[in-house]
Amino acid sequence: MIARLSQLLKLTCTALLALLLFGFGGRVQIGLSDLHAVDCPDSPEYRNLPMSGASAAPVHCFLLEGTLHNSTQRTLYNADLFGRIYDASGNDVWPERTRIGAVEEVPPGDSTFSIRTGVPSTNPLPIELKQFKVMGFNGRVNR
């Protein structure tokens with residue numbers, strides 16, 4: 001009897017976990033177009049841009065802008081932008097990092113976004129953006 005209850009509990013937990021991961025909070029690919037980088041405006045909020053995991057070396061601030069295409073009928077949340085940024089010499093600017101940033105909410109249809117990022121000032125410009133994709137969630141995710 002205990003073995004049967006244990007098996008039933010395992011199946012129930014597995015089903016609930018699958019429902020949470022794929023039904024309510026599963027990741028959804030979001031279309032991306034018109035991706036480009038522009039220099040940050042020359043204002044105090046963009047100076048001394050802190051970079052996680054980076055030393056206090058100066059950086060060149062960029063805004064990554066583009067259009068997101070949410071083909072679902074519901075708002076997606078915590079959409080992570082992944083990709084590679086290369087400098088003018090073809091070097092990967094952040095080789096250990098592919099997650100560039102996130103967009104809090106992506107409504108159904110097309111919407112524009114802007115994410116601030118930085119490139120060490122020692123890397124030659126211009127930059128090149130490659131292999132970018134966006135993944136969002138059906139439900140809110142605690143970060």
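Predicted model: local features only at pLDDT ≥ 70, side-chain atom pairs only at ≥ 80, totals over all residues.
Arg99 is partly exposed at 33% relative accessibility, where partly exposed lies between buried (under 20% relative accessible area) and exposed (over 50%), using a 1.4 Å probe and protein chains only. Residues are numbered from 1 along each chain as its sequence is written, and side-chain values use heavy atoms, with hydrogens and water left out. The chain has 1 helix and 6 strands, taken as DSSP runs numbered from the N terminus (helices are H or I with at least four residues, strands are E with at least two).

**Salt bridges**

- A salt bridge is a side-chain nitrogen of Lys or Arg within 4 Å of a carboxyl oxygen of Asp or Glu, and the count by this rule is 3.
- Arg99 forms a salt bridge with Asp80, with an N to O distance of 2.9 Å. This pair links distant parts of the chain, as Arg99 is in strand β4 (residues 99-106) and Asp80 is in strand β3, 19 residues apart.
- Asp80 also meets Arg27 in a salt bridge, at 3.6 Å from N to O. Here too the pair links distant parts of the chain: Asp80 in strand β3 (residues 76-86) and Arg27 in strand β1 (residues 27-39) are 53 residues apart.
- Asp80 counts as buried at 4% relative accessibility, whereas Arg27 is partly exposed with a relative accessible area of 41%.
- Arg84 and Asp92 meet through their side chains in a salt bridge of 3.0 Å, N to O. Asp92 is partly exposed, with a relative accessible area of 22%.
- Through shared partners, salt bridges join Arg27, Asp80 and Arg99 into one network.

**Rings and charges**

- A charge sits over a ring if NZ of Lys or CZ of Arg is within 6 Å of the ring centre and within 35 degrees of the ring normal.
- Arg97 lies over the face of Trp94, at 5.1 Å from the ring centre.
- Lys130 is placed over the face of Tyr86, and its distance from the ring centre is 5.2 Å.

**The sheet**

- Along the sequence, the elements follow the pattern α-β-β-β-β-β-β.
- The 6 strands form an open sheet in the order β4-β3-β6-β1-β2-β5, with antiparallel pairing. Two strands count as paired if DSSP finds at least two bridges between them.
- The edges are taken by β4 and β5 (109-120), each with a single partner strand, so one side of each has no neighbour in the sheet.
- Neighbouring strands of this sheet are turned by 30° against each other on average, direction ignored. The axes are lines fitted to C-alpha atoms, for helices over the stretch in contact, and angles run from 0 to 180 degrees between N-to-C directions.
- Strand β2 (residues 59-70) pairs with β5 in the antiparallel sense over 12 bridges. Phe62 stands opposite Thr117 in β5.
- Strands of a sheet pair through backbone hydrogen bonds, either parallel or antiparallel.

**The core**

- A nonpolar core is a set of buried Ala, Val, Leu, Ile, Met, Phe, Trp, Tyr and Cys residues joined through side-chain atoms within 4.5 Å.
- The largest such core has 20 residues, and those with the most contacts inside it are Ile30, Leu68, Leu81, Ile85, Val103 and Val106.
- At least two residues of this core come from each of β1, β2, β3, β4, β5 and β6 (128-137). Strand β3 gives the largest share, 4 residues.
- In the chain of 143 residues, 35% are buried.

**Loops and backbone**

- Pro108 is in the loop between β4 and β5, and is partly exposed with a relative accessible area of 37%.
- The C-alpha atoms of Pro108 and Leu76 are separated by 7.8 Å, although the two residues are 32 apart along the chain.
- Leu125 and Pro126 are joined by a cis peptide bond, with omega about 10°. Pro126 is in the loop between β5 and β6.
- Asn78 is not a glycine, yet has a positive phi of about 45°. Asn78 lies in strand β3 and counts as buried at 5% relative accessibility.
- Gln131, also a residue other than glycine, has a positive phi near 55°. Gln131 is found in strand β6 and is exposed, with a relative accessible area of 64%.
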